Amino acid sequence: MIEIGSAALSATINPLGAELTRLRDAQGNELMSDGDPAFWAGRAPLLFPIVGALDGDSYRLDGRDYPLPSHGFARRKEFALVDHAPDRAWFRLSDDDATRAVYPFAFALDAEFVIAGSTLTMTVTLVNRGDRAMPASFGFHPAFAWPLPYGGARKDHRIVFEHEEPQPIARLEGKLIGPVDRETPVEGDTLWLRDDLFEQDALVWTAPESRSLRYGAPEGPQLEIGFPDMPTLAVWTKPGARFICIEPWQGHADPAGFAGEIWGKPGMLRLEPGERRAFAMAVTLA
């Protein structure tokens with residue numbers, strides 16, 4: 001485990017998946033999920049080279065089918081530690097024989113974690129190191145404590161978006177994306193969190209207006225979360241669990257019935273040889 005921190009905030013990152021495992025305030029209060037395996041043992045996996053599930057658990061490229069599990073393989077791969085200082089850590093995942101068997105591309109995926117004051121910034125940079133165009137998606141998947149450790153009741157926690165979010169959200173068909181016609185549970189700019197919202201799995205905004213939000217109870221410290229580069233957002237938990245996942249994504253699961261080449265998958269990026277793309281998420285205790 002790799003530790004970084006400031007006087008106000010500290011974080012622990014697991015090189016397996018470059019996964020943020022703990023986030024604590026100056027008093028040692030835990031802001032992340034407790035990882036209870038009765039609900040979900042994850043903490044904050046990085047989703048690459050796909051986000052969500054594929055129809056049939058495989059994708060098609062140049063007429064050939066390749067198997068990939070939901071959310072890809074990065075979360076199960078050991079990242080190399082490139083650099084480490086008291087307030088930052090930099091990890092890298094590169095292609096190998098195992099990744100090329102299911103994703104035939106040369107890449108580097110760098111994950112940098114920096115704490116400045118009360119803000120943790122996570123920046124993930126993808127580089128196409130091959131000689132042909134590369135398809136890719138990426139997502140963050142952090143699970144924050146619900147309730148936060150500041151005395152507010154679980155039922156009083158809510159998400160306040162940067163803007164009002166009146167548009168419908170995606171209807172899920174199993175793990176796949178169905179029609180975007182589900183009535184939004186957001187009241188103006190506020191989503192009051194309750195277990196029954198997640199009986200049909202995640203809430204997915206395929207094109208939210210907001211690129212930041214605030215999570216917590218009205219009284220006490222809250223988390224301000226920014227995701228300026230990410231066009232899609234999911235919020236997820238399992239009813240009764242002690243966490244809420246706030247997940248900025250580039251891309252999402254296959255639309256139900258999708259059978260085309262991966263280039264036609266909604267939200268898929270195309271990186272030319274030598275091209276790089278950065279994705280950022282910032283979490284501020286405020």
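Is Phe 138 buried or exposed? In this predicted model, Phe 138 is buried, with a relative accessible area of 1%. The centres of the two rings lie 5.0 Å apart and their planes stand at 90°, so the pair of Phe 138 and Phe 140 is edge-to-face. One aromatic cluster is formed by Phe 48, Phe 73, Tyr 103, Phe 105 and Phe 107.

The largest nonpolar core holds 73 residues, and Phe 48, Tyr 103, Phe 113 and Tyr 215 are the ones that touch the most other members. Strand β9, covering residues 107–116, gives the most to this core, with five residues. A second, separate core has 16 residues, including Trp 40, Ala 170, Trp 236 and Trp 249. Leaving aside residues up to four places away in sequence, the contacts of Phe 48 include Phe 73, Tyr 103 and Phe 107, which are also members of its aromatic cluster. Further contacts of Phe 48 include His 71, Leu 109, Leu 126 and Phe 138.

The backbone at Phe 48 deserves a look as well. Most peptide bonds are trans, and most residues other than glycine have a negative phi. The bond from Phe 48 to Pro 49, however, is cis, with omega near 5°. Pro 49 sits in the loop between β4 (46–47) and β5 (58–61). Another cis peptide bond joins Trp 146 and Pro 147, with omega about 10°, and Pro 147 is found in the loop between β13 (143–145) and β14 (158–161). As for phi, Asp 62 has a positive value near 50°. Asp 62 belongs to the loop between β5 and β6 (64–67). Its relative accessible area is 58%, and any value over 50% counts as exposed, so Asp 62 is exposed. Asp 201 has a positive phi too, near 80°, and lies in the loop between β17 (190–192) and β18 (203–205).

The largest pocket holds about 400 Å³. Its lining is made up of 19 residues, and those nearest its centre are Ser 70, His 71, Lys 175, Asp 201 and Trp 236.

Among the residues of its lining are Asn 14, Glu 19, Trp 40, Arg 43, Pro 45 and Arg 75. This lining divides into four nonpolar, three polar and three charged residues.

Finally, a search of the whole structure finds one cavity of 30 Å³ or more. About 40 Å³ of space lies in the largest cavity, and the residues that line it include Glu 19, Pro 45, Phe 113, Met 122, Phe 140 and His 141. Nine of the lining residues are nonpolar, one is polar and one is charged. Glu 19 and Pro 45 line this cavity and also the second largest pocket, while Phe 140 returns here from the edge-to-face pair with Phe 138.

Definitions and conventions: Residues numbered from 1 in each chain as written. Predicted model: local features only at pLDDT ≥ 70, side-chain atom pairs only at ≥ 80, totals over all residues. Heavy atoms only, no water. 1 Å grid on protein atoms, 1.4 Å probe; cavity = no way out; pocket = protein on both sides within 12 Å on 5 of 7 lines; lining within 4 Å. Points joined across faces, edges and corners; volume = space filled by probe spheres on them. Nonpolar A, V, L, I, M, F, W, Y, C, P; charged D, E, K, R; others polar. Core = buried A, V, L, I, M, F, W, Y, C linked by side-chain atoms within 4.5 Å. Buried < 20%, exposed > 50% of the residue type's maximum accessible area, 1.4 Å probe, protein only. Helix = DSSP H or I, 4+ residues; strand = E, 2+ residues; numbered from the N terminus. Contact = heavy atoms within 4.5 Å. Phe/Tyr/Trp six-rings, centres within 6.5 Å; stacked < 30°, edge-to-face > 60°.
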